[in-house]
Amino acid sequence: MLRAATSALALMVTALSVAAPAHGRSLLDYVGQCVPFARAASGIQIFGDAWTWWSQAEGRYARGHVPRPGAVIVFARTSRLPLGHVAVVSRVVETRVVMLTHANWSRQNGERGHAEQDVTLYDVSPGNDWSDVKVWFRDNEGLGGSTYPVDGFIYGGTPARELTGVAPDYVGALIDAYVPDTKRR
C-alpha cells in the first residue's frame, strides 16, 4: 500500500512539473499536450484526459457557461477530438469572442504541441451559450472550418502571469470572428 501511494505521489509530482517552466523560461515555451499546459496556465488542479475535466470539476470548482479570464474551457470528446481539449481564456473581447491561450492545437514548425497565446475563440452556438465554438487555427491563418462542442468553463484557479500578452490583437480577433474567410497575410 505504501509503495502504491509513493508511486502515485511520484506520478503526480512528475505531471505537475511537466508543464511548469524551468527557472527563467516562459510558460509559452511549452511543447506538449493541452492538459498539463492548461493546469499550469490556469492553476486548476485536475488530471486525466481533457474530456473528463468537466465532470471532475463538479463539486471541486465552480462551473458555468460564461467565459472569464483564467477559466478553463472544456471541449467535449468527438471523433476529431477523441481526448477532448482544454484551453484557458486569456481575454474576453466581447460577448461572442474571447481569446485563448492553449497548447497542442495548431502546427508550428511542422509539429503540434506548442503553446499559443491570445488566439481567437468564437461562439457559434445558436443560443449564444458557448456550446459550439470555432477556434483560430494557425495553418489557416484564421478560424478553422470545424465547429467544436463545448461542455463549459471551469473557474477558480490562479492563472499564470503569462496567460495574456501585453498588446493582444482585439481587432484581429473580431475580424476573424465576423468577417468570413478573412486571412491575415
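Modeller: Gladly! The protein has four helices and eight strands; helices (H or I, at least four residues) and strands (E, at least two) are DSSP runs, numbered from the N terminus. This is a predicted model, in which local features need pLDDT of at least 70 and side-chain atom pairs count only at pLDDT 80 or more, while totals for chains, interfaces and linings use all residues. Residues are numbered from 1 along each chain as its sequence is written, and side-chain values use heavy atoms, with hydrogens and water left out.

From the N terminus on, the order of elements is α-α-α-β-β-β-β-β-β-β-β-α. Let's look at strand 8, residues 148–155. Six of its eight residues are buried, so strand 8 is largely enclosed by the rest of the structure. Buried means under 20% relative accessible area, exposed means over 50%, and partly exposed lies in between (1.4 Å probe, protein chains only). Across the protein's 185 residues, 44% count as buried.

Now for the partners of strand 8. Two strands pair if DSSP finds at least two bridges between them. Strand 1 (residues 62–64) runs antiparallel to strand 8, and three bridges join them; here Ala62 stands opposite Tyr155. Strand 2 (residues 72–75) also pairs with strand 8 in the antiparallel sense, over four bridges, and Val74 has Gly152 as its bridge partner. Strand 6 (residues 132–137) is antiparallel to strand 8 too, joined by two bridges, with Asp132 partnered by Pro149.

A nonpolar core is a set of buried Ala, Val, Leu, Ile, Met, Phe, Trp, Tyr and Cys residues joined through side-chain atoms within 4.5 Å. The largest one has 27 residues, of which Ile73, Phe75, Leu121 and Val133 touch the most other members. Strand 8 gives two or more residues to this core, as do other elements including strand 2, strand 6 and helix 4 (170–178). Take Leu121: leaving aside residues up to four places away in sequence, its contacts include Ile73, Phe75, Trp130 and Val133, where contact means heavy atoms within 4.5 Å. A second, separate core of 22 residues includes Ile44, Tyr61, Val86 and Ala103. As a general point, nonpolar side chains in soluble globular proteins tend to be buried together.
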